[in-house]
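Good morning, and thank you for coming.

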Amino acid sequence: MTTHPPNEATLRLPPTQELLGTIADPLFLLSPPHSLASHVCARLGQHPQMYSLPETHLFLAETISEWWEICAKSSFNMAHGLWRAIAELYFGGQTESQLAMAAAWLRRRFSFTTGYILELIAARIYPRMLVEKSPSTVFHAATMQRSLRMFPQARFIHLVEHPRRHCEAVVTAIKDVVAHHPNRVPQWLRQLACFSAAQADESSQEHPELDPQKAWFALNKNICEFLEAVPETQKLRVRMEDVLRDPDAALAAIAEWLAIRSDGEAIDGMKHPERSPYARFGPEGARYGDNAAFLRSPSLPEPPVEHDDLDAPFSWRDDGEGFSPEARALARAFGYD
């Protein structure tokens with residue numbers, strides 16, 4: 001009988017730890033959509049002891065069958081991130097054929113819990129720590145609670161951003177979409193731009209007054225209330241502006257909190273988020289899995305030149321309105337003024 005040596009793929013993808021039940025406790029990043037969380041997540045994933053995923057949106061459902069149904073009804077390509085991750089980790093890349101195999105892999109596991117699927121992924125990259133940051137998680141307490149119930153030793157980082165910077169980014173995004181596709185504004189973006197329009201029909205041509213501070217306040221409040229039940233040792237708050245102004249110090253502080261390497265080599269690795277296999281558009285069958293702006297340019301933007309003022313009127317409205325007392329109070333609790 002002729003024997004053949006193991007090929008490179010076999011050597012690169014050895015048997016995983018899933019049969020041993022061994023994983024590193026995952027890290028979840030919690031922040032509203034259209035923040036800089038994509039950049040932070042990709043940077044963390046380039047640490048030699050961590051691995052960041054694209055957006056999986058797994059904890060929107062209890063089982064993969066339910067998750068699949070939610071994805072099918074979604075106003076955006078919700079399944080792309082998980083398909084890309086499964087293709088990369090289980091089938092060695094992200095070609096069209098590998099993505100098809102990834103989708104079939106998930107179909108064969110329709111009855112599995114979403115937590116178990118994330119466990120299989122975590123086992124695949126063991127001993128590295130999995131980093132996940134799906135923004136859909138923060139819309140409902142039950143979704144965040146599911147992540148903690150599935151992984152009671154997981155750690156959580158609440159990524160916060162000054163409300164003015166976040167709101168201006170949302171307003172710019174929705175105006176760009178309206179300019180090109182006025183009748184096809186994605187539901188999630190409508191919800192960020194005007195929280196009272198959360199249930200609006202996507203085909204509606206009505207565009208309520210832009211007031212993204214409501215979503216900023218509600219979603220960050222959701223996160224704060226959820227974290228009240230999380231042990232102090234398992235949660236951390238990080239300001240996006242601190243990462244922008246001094247990424248070395250901010251990333252080293254996160255690494256020290258996680259009790260992983262914080263030396264110069266590890267920090268330098270996190271300066272290259274573009275090295276992530278998910279920091280670019282995927283093939284035609286799964287183009288996304290993250291914010292399109294991040295996929296076009298995964299480098300961190302420049303820090304703000306001017307100080308953001310909580311008391312100044314909105315730049316996107318002409319009526320002199322500004323942040324509500326509730327939004328200003330929450331922002332000040334995060335250290336903004």
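This is a predicted model: local features need pLDDT of at least 70, side-chain atom pairs count only at pLDDT 80 or more; totals for chains, interfaces and linings use all residues.

Of the 337 residues of this protein, 51% count as buried; buried means under 20% relative accessible area, exposed means over 50%, and partly exposed lies in between, with a 1.4 Å probe and protein chains only. Residues are numbered from 1 along each chain as its sequence is written, and side-chain values use heavy atoms, with hydrogens and water left out.

The accessible surface of the protein is about 15700 Å², and carbon and sulfur atoms hold 51% of that surface. Such areas come from the Shrake-Rupley method with a 1.4 Å probe, and for residues only the protein chains shown count as cover.

The secondary structure consists of 15 helices and five strands. These are DSSP runs numbered from the N terminus: helices are H or I, at least four residues, and strands are E, at least two. As for contacts, meaning heavy atoms within 4.5 Å, 74% of those between residues at least 6 apart in sequence join residues at least 24 apart.

Where does P303 lie? P303 sits in the loop between α14 (292–296) and α15 (325–333). Setting aside residues up to four places away in sequence, P303 touches L244 and R245. The C-alpha atoms of P303 and L244 are 5.1 Å apart, although 59 residues separate the two along the chain. P303 counts as partly exposed because its relative accessibility is 29%.

Let us turn to charged side chains. How many salt bridges does the structure hold? There are 14 salt bridges, each defined as a side-chain nitrogen of Lys or Arg within 4 Å of a carboxyl oxygen of Asp or Glu.

One of them joins E232 and K235, whose closest N and O atoms are 3.4 Å apart. E232 is exposed, because its relative accessibility is 63%, whereas K235, at 17%, is buried.

Another pairs R261 with D263, with 2.8 Å between the closest N and O atoms. R261 is partly exposed at 32% relative accessibility, and D263 is partly exposed at 31%.

K271 and D268 also form a salt bridge, at 3.3 Å from N to O. Here K271 has a relative accessible area of 34%, so K271 is partly exposed; D268, at 40%, is partly exposed as well. Elsewhere, salt bridges with shared partners link E55, K133 and D290 into one network.
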